[in-house]
Amino acid sequence: MTPPIISLRHVTKSYATGAPGRGSANVALDAVELDIPRGDIFGIIGASGAGKSTLVRLINLLERPDSGAIRVNGRDSGTVTGGELLKLRREIGMVFQHFNLLSARTVAENVAFPLRLAGVRDKTQIAARVSELLGRVGLSDHASKYPRQLSGGQKQRVGIARALACRPPILLCDEATSALDPETTRSVLGLLRELNRELGLTVVLITHEMDVVRQICHRVAVLDHGRIAETGAVEDVFLHPRHPATRVLVREAFGETLVHDRLGASGHVVRLTFLGAATYSPILSHLAREQGVEFTLLGGKLGTIRDEPFAQLNVAFTGGDQRAALARLKAAGISVETLTEPAGGIPQQPLREFADVV
Amino acid sequence: MSFDRIDWVQIGYAALDTLAMLGGALFFTVLFGLPLGVLLFLTGRGQLLQQGAVYAGLSFVLNILRSVPFIILLIVLMPVTTLITGTSLGVRGVIPPLVVGTTAFFARLVETALREVDRGVIDASRAMGGTTGQIVFHALLPEALPGILAGVTVTAIVLVDYTAMSGAIGGGGIGDLAIRYGYQRFQTEVMIVTVLLLVILVQLLQAGGNRLVQHFSRK
């Protein structure tokens, strides 16, 4: 495996609060360990106050940690200074929630801005790069407009084009879609995914919305009170959240699932998680027919993770050969978690039939 | 009261003197005030070159300059003016005190205009690997240009006011005429004409300034 493009080792950062010299220190990040694989779309999610902003300012090298090490693209950020630091910052393209475009400059000039900061003087070279970038984000017709003449989604596309100008291997998006409506969010996320696929760009998405992570991220780290609460593949974290903070974020994205015990459901209540092709298999009706297991749907969620379909259903089983049914579900690659066991254990084949066989 | 007695040629020369004082003083005010304002902004709390001591010192000096009434400043600065321009009279003799009187004021206006610039723009420029100099010249000043131009306009109008006052100590210009003829010789018609001229000048400055601000506003 190639080494991660960004790694944080035991990173701690705190800010002084209250009057200088007197107030106590407020720990924003506490011993954070994080590895972001090259070429991933990596989500970092957390509620407000979880330490996201601090993490952004550390990753994009605007601030230094109190302790710990941050490596970006093979360089230890703690050892670079001066011009080298400025160069390393250019290896991370930044996309901001509020776009942060220069209002006094046209779209083309905004995209050219990082090139000028990097010392590119050749006007034809800049013009060529700018028109290439505007083409990529679909804004070729808007080159000579000013930012105030654009919609939010268009402004963010300018922001993305600008971030890519110096061909950084990393794109760091700080709540890049939080100021956009759902439709525009989808189109901007689509663009990010395209850039990831076609340019091999590593995209780091900082967000408070699980829905954004669900739509495009490969992996996700959940930040809670300055610590990494859990990290893993989006499918695992989204469908089987372990940390309470993650559960809250998932619930916000999908709404409350029905709570089985309040429905007075009897019998054997399980949570079934279908992912990918399994989502489309009519396995529950097979179980009903062949194992004689009746099922009641108590609640659940259906949707996609990236483009992969999933279903997570809370089901109450009654009657029939439930052991066989469960085995069959597991064999089909469906994850089964028991929420409530029926009194007296999980029923097997009815005794009468069993007697017949004997 | 009769307007026949008015010496229009004299008024014409006085008007030119006023414009010369205004132009010269405004030029030097911007020349000194703009960098001071930028420095004030950059050394301020939470800014790129945060330097508490420098900011406090600069702020203190600027406040002192602004708290001295202009008419006192004119008199106090006479030796300095003579040293710089060789005279403390006429157009050349009032430009130094005018510049001293408005530079501090203008520097504050520049600081305020820069503070109005979206912080995110500075963050973005830093994240793109911009140096402080690049950020000032390529991001901060262009973004703050409308605000700075509005500051120049206000400063120009304050200067018109001050040139009239400097007439009192032999500075010349329209204000000088107003005091010597209109007030001391009871030629009310001169007073009326000069005041009218000043009113027109201020109106023109404000309208011109507004148009410039409008032209450069992209927000």
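Reader: Leaving aside neighbours within four places in sequence, which residues is Arg89(A) in contact with?
Author: In this predicted model, Arg89(A) contacts Asn60(A), Leu61(A) and Leu62(A), and also Arg126(B), Ala127(B) and Gly129(B).

Reader: Where in chain A is Arg89(A) placed?
Author: Arg89(A) is in helix α2 of chain A, which covers residues 82–89.

Reader: Is Arg89(A) buried or exposed?
Author: Arg89(A) is buried. Even so, Arg89(A) has no salt bridge.

Reader: OK, switching to chain B. How many helices and strands does chain B have?
Author: Chain B has nine helices and zero strands. Along the sequence, the pattern reads α-α-α-α-α-α-α-α-α.

Reader: And what does the C-alpha trace of chain B span?
Author: About 70 × 40 × 25 Å along its principal axes.

Reader: How many residues does chain B have, and what share is buried?
Author: Chain B has 219 residues, and 49% of them are buried.

Reader: What about the accessible surface of chain B?
Author: The accessible surface of chain B is about 10700 Å². Carbon and sulfur atoms hold 68% of that surface.

Reader: What about contacts in chain B between residues 24 or more positions apart?
Author: Those pairs make up 75% of the chain B contacts that have a separation of 6 or more.

Reader: Last one, charges. How many positive and negative side chains are in chain B?
Author: Chain B has 13 positive and 11 negative side chains. The centres of the two sets lie 8 Å apart.

Notes. Residues are numbered from 1 along each chain as its sequence is written. Chains are lettered from A and ligands numbered from 1 in the order in which they are written. This is a predicted model: local features need pLDDT of at least 70, side-chain atom pairs count only at pLDDT 80 or more; totals for chains, interfaces and linings use all residues. Side-chain values use heavy atoms; hydrogens and water are left out. Helices (H or I, at least four residues) and strands (E, at least two) are DSSP runs, numbered from the N terminus. Buried means under 20% relative accessible area, exposed over 50%, partly exposed in between (1.4 Å probe, protein chains only). Lys and Arg count as positive and Asp and Glu as negative; His and the chain ends are not counted. A salt bridge is a side-chain nitrogen of Lys or Arg within 4 Å of a carboxyl oxygen of Asp or Glu. Contact means heavy atoms within 4.5 Å. Accessible areas come from the Shrake-Rupley method with a 1.4 Å probe; for residues, only the protein chains shown count as cover. The place of a charge is taken as NZ of Lys, CZ of Arg, CG of Asp or CD of Glu.
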